[in-house]
Amino acid sequence: MNYIRLGNTGLKVSAICLGCMTYGKPTERWPWALNEEQSRPFLQKALELGINFFDTADVYSNGASEEVLGRAVRDFASRDDVVIATKVRGAMGPGPNDKGLSRKHIMRSIDASLKRLGTDYVDLYQIHRWDNETPIEETLEALHDIVRAGKARYIGASSMYAWQFAKALYTADLHGWTRFVSMQPHYNLVYREEEREMLPFCQDQGIGVIPWSPLARGLLTGKRTKGGGETERARTDNFSKHLYAREDDFAISALVDEVAREKGVSSAQVALAWLLSKPVVTAPIVGASKPGHLKDAVGALSLTLSEDETKRLEAPYQPHPVLGFS
């Protein structure tokens, strides 16, 4: 396993981050989620493979993902040896203050997340998206106070416009508050809009980049077709159909399969190797629900694509509308 500094920080994270949205319990929103008994072997195997970076969120399975991850860390690892990242913003109840990035919701949410995770602190506390209804000053000061209180070591952000992220960093610097050290962008071979502004900005500012959906929610594994696919998630995940439904998306997926066959590796390894070849990328957030998924992810670390292969994979790309910011 390779370990890389997260942005300009001294924090070392594995070059693969295990995304824990799959783990917790099936819900109406996530009917494909695995229960705790099914989830634990994946978390244990990840640790055995040297993965020390785990990403979850309070909204995943209504908090159950954090609970499952927390118990697995206690049973299979030392807390100091792992990097736990979680997120805040999504609705955790029916009330008007049960969502968003207000000071009230953030302060309540960090305590609830720590309780579910069974830990005194998280290594990386991230805002799940931008909140248009809350001044960024209010959000940043609350996050700064959480860091000062020792409840989080670092703070990060997820999909937003580059101007919003620039405003957040400038505002933090202006007030002497804790700065975001990481960005979770939507980035993969079939969605590359972040290459225009966000990724160059992150590189300039020394921000760690941990892309979500590096395999386009299964499209780049060769397991998804225009009609859905063979898995429960492919059939029921409407968000995937919103993100990836264009002819050129499937053309790129077919090219990934073609290159994979030529190299004698899996499609997932090719898609991840392409992403890992980008100097700005710290660690893609990879989900795992089948035994081979973790093996593919770690195997991608030693796979190198030629310049010609990279050009072939990138050639069919066409501009997309902004997707994944909400």
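H4 (residues 136-148) and H5 (residues 162-175) pack at an angle of about 60°, with their axes 10 Å apart. The model is predicted; local features need pLDDT of at least 70, side-chain atom pairs count only at pLDDT 80 or more, and totals for chains, interfaces and linings use all residues. Residues are numbered from 1 along each chain as its sequence is written, and side-chain values use heavy atoms, with hydrogens and water left out.

Helices are DSSP runs (H or I, at least four residues), numbered from the N terminus. Axes are lines fitted to C-alpha atoms over the stretch in contact, and angles run from 0 to 180 degrees between N-to-C directions. H4 passes H5 in a right-handed crossing, that is, with the near helix turned clockwise from the far one by less than a right angle. Ile 136, Glu 137 and Leu 140 of H4 touch Lys 167, Ala 168, Thr 171, Ala 172 and His 175 of H5, where contact means heavy atoms within 4.5 Å. This contact of H4 with H5 has four nonpolar, two polar and two charged residues. Ala, Val, Leu, Ile, Met, Phe, Trp, Tyr, Cys and Pro count as nonpolar, Asp, Glu, Lys and Arg as charged, and the others, Gly among them, as polar.

H5 also packs with H6 (residues 198-205), at an angle of about 25° and with the axes 9 Å apart. H5 and H6 are therefore roughly parallel. Their crossing is right-handed. On H5, Ala 162, Phe 165, Ala 166 and Leu 169 meet Met 198, Phe 201, Cys 202 and Gln 205 of H6. The contact of H5 with H6 has seven nonpolar residues, one polar and no charged.

H1 (residues 36-48) and H2 (residues 64-76) pack at about 50°, with axes 10 Å apart. That makes H1 oblique to H2. The crossing of H1 and H2 is right-handed. The contact of H1 with H2 comprises six nonpolar, two polar and four charged residues.

One cavity of 30 Å³ or more was found in a search of the whole structure. On a 1 Å grid over the protein atoms alone, a cavity is a set of points where a 1.4 Å probe fits but cannot get out; lining residues have an atom within 4 Å of a point. The largest cavity holds about 30 Å³, the space filled by probe spheres set on the points, which are joined across faces, edges and corners. Its lining includes Leu 101, Trp 130, Asp 131 and Ile 136.

Methods
Helices (H or I, at least four residues) and strands (E, at least two) are DSSP runs, numbered from the N terminus. Angles under 35 degrees count as roughly parallel, over 145 as roughly antiparallel, 65 to 115 as roughly perpendicular and the rest as oblique. On a 1 Å grid over the protein atoms alone, a cavity is a set of points where a 1.4 Å probe fits but cannot get out, and a pocket is an open set with protein on both sides within 12 Å along at least five of seven lines; lining residues have an atom within 4 Å of a point.
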